[in-house]
Amino acid sequence: MALTAEMRISDADLIHRLRGGDEDAFVWMVNTYGGSLRRLALAFVSVEAVADEVVQETWLAVITGISRFEGRSSVKTWLYKILANRARTRAIREKRTIAFSELDGATAPGEAAVDPARFLPADHPVNPGHWAGPPDQWSSSAEDKVVGREMLEVLRRGLDALPPAQRMVVSLRDVHGWPAAEVCEALALSEANQRVLLHRGRSRLRGVLEGYFAGNA
Amino acid sequence: MSDHTLKEMACQELVEVITDYLEGTLPEVDRMRFEAHLLGCPACHEYLEQMRTLIRLSRGLAARSLDTATVDSLLHAFRDWKDSQTGM
């Protein structure tokens, strides 16, 4: 049966087809996971041309590894691990290593989700810690088709500007829709660290959108 | 403990536990304080909606399919592998 991009097939079926040399299955896999892999590569090496090479190397490693895939993880996780290994090697060689220690340092005392100056002080007699400068109302207008395209571009730039560990977690969870457990496994993160990185990344991006709407008000 | 249960959640605390809330990992007591606070605070209600909007919009950033030249060159490599497997 021919595969189209919209179809979903099980990992077991995919691997079975690949081992049999099914070209449709191969193209399906490349189209389904290629975009995510490229974005992840960019999170590691940050230079587009290098990221493209890492993705290419990953696919070539996948091809030669098909017969060794044991199915103990999902295909997606398997692909990601190959990419992560390639990207780390490459980042070291290019001396463009991002701070992988950042992944471990997620629980270090960190940034506030919202500028503390936006809240009433802790010793306020009536409403300590309540909004002094409440957020503008924009959540409903954000769904407007007219602002949509420009806003997505703003969001994309915001995502690219996040610290790498936050960018990787937000990218996997919110852009690519991975479940938390898979992100933890692929990035070797604890659940708590994964949540901290997700929280910081999302909070920053909310601030980016807030800035966008304030500028357009 | 009962003091903690009754203590109203401040807006500044809410914005820090909002991801735990959305992930469903906020302890029961705090989830109740969170939801009680939302009922009386339109500003935090809007903040929560903004986070939900952000998450929805982020899905729109998923990269599009690869260009055909890239796919073709990979397909070529796949064919080579296949041929080497069958000894051709």
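How many helices and strands does the secondary structure of chain A come to? Some notes on that and on what follows from the rest of this predicted model.

1. **Chain A, overall.** The count for chain A is 9 helices and 0 strands. Read from the N terminus, the order of elements is simply α-α-α-α-α-α-α-α-α. Chain A has 217 residues, and buried ones make up 37% of them. On contact order: take the contacts in chain A between residues at least 6 apart in sequence, and 64% of these join residues at least 24 apart.

2. **Where the domains touch.** Between the two domains of chain A, 7 residues of domain 1 are in contact with 8 residues of domain 2. On the domain 1 side, helix 2 (23–45) and helix 4 (75–93) of chain A each put in at least two residues. Helix 2 of chain A gives the most there, with 4 residues.

3. **The interface between the chains.** Here 36 residues of chain B are in contact with 45 residues of chain A. On the chain B side, helix 2 (11–23), helix 4 and helix 5 (68–85) each supply at least two residues. Helix 4 of chain B gives the most, at 11 residues. By class, the chain B side divides into 19 nonpolar, 8 polar and 9 charged residues.

4. Have a look at helix 9 of chain A (residues 191–216) against helix 4 of chain B (residues 42–58): they pack at an angle of about 95°, and their axes are 10 Å apart. Since angles of 65 to 115 degrees count as roughly perpendicular, that is therefore how helix 9 of chain A and helix 4 of chain B sit relative to each other.

5. **Who makes that contact?** Which residues of helix 9 of chain A and helix 4 of chain B are involved? From helix 9 of chain A come Arg202(A), Leu205(A), Arg206(A) and Leu209(A). Helix 4 of chain B brings Gln50(B), Met51(B) and Leu54(B). Sorted by class, the contact between these helices has 4 nonpolar, 1 polar and 2 charged residues.

Conventions
Residues numbered from 1 in each chain as written. Chains lettered and ligands numbered in written order. Predicted model: local features only at pLDDT ≥ 70, side-chain atom pairs only at ≥ 80, totals over all residues. Axes fitted to C-alpha atoms, helices over the stretch in contact; angles between N-to-C directions. Parallel < 35°, antiparallel > 145°, perpendicular 65-115°, else oblique. Nonpolar A, V, L, I, M, F, W, Y, C, P; charged D, E, K, R; others polar. Buried ≥ 20, exposed ≤ 12 C-beta atoms within 10 Å, placed from the backbone.
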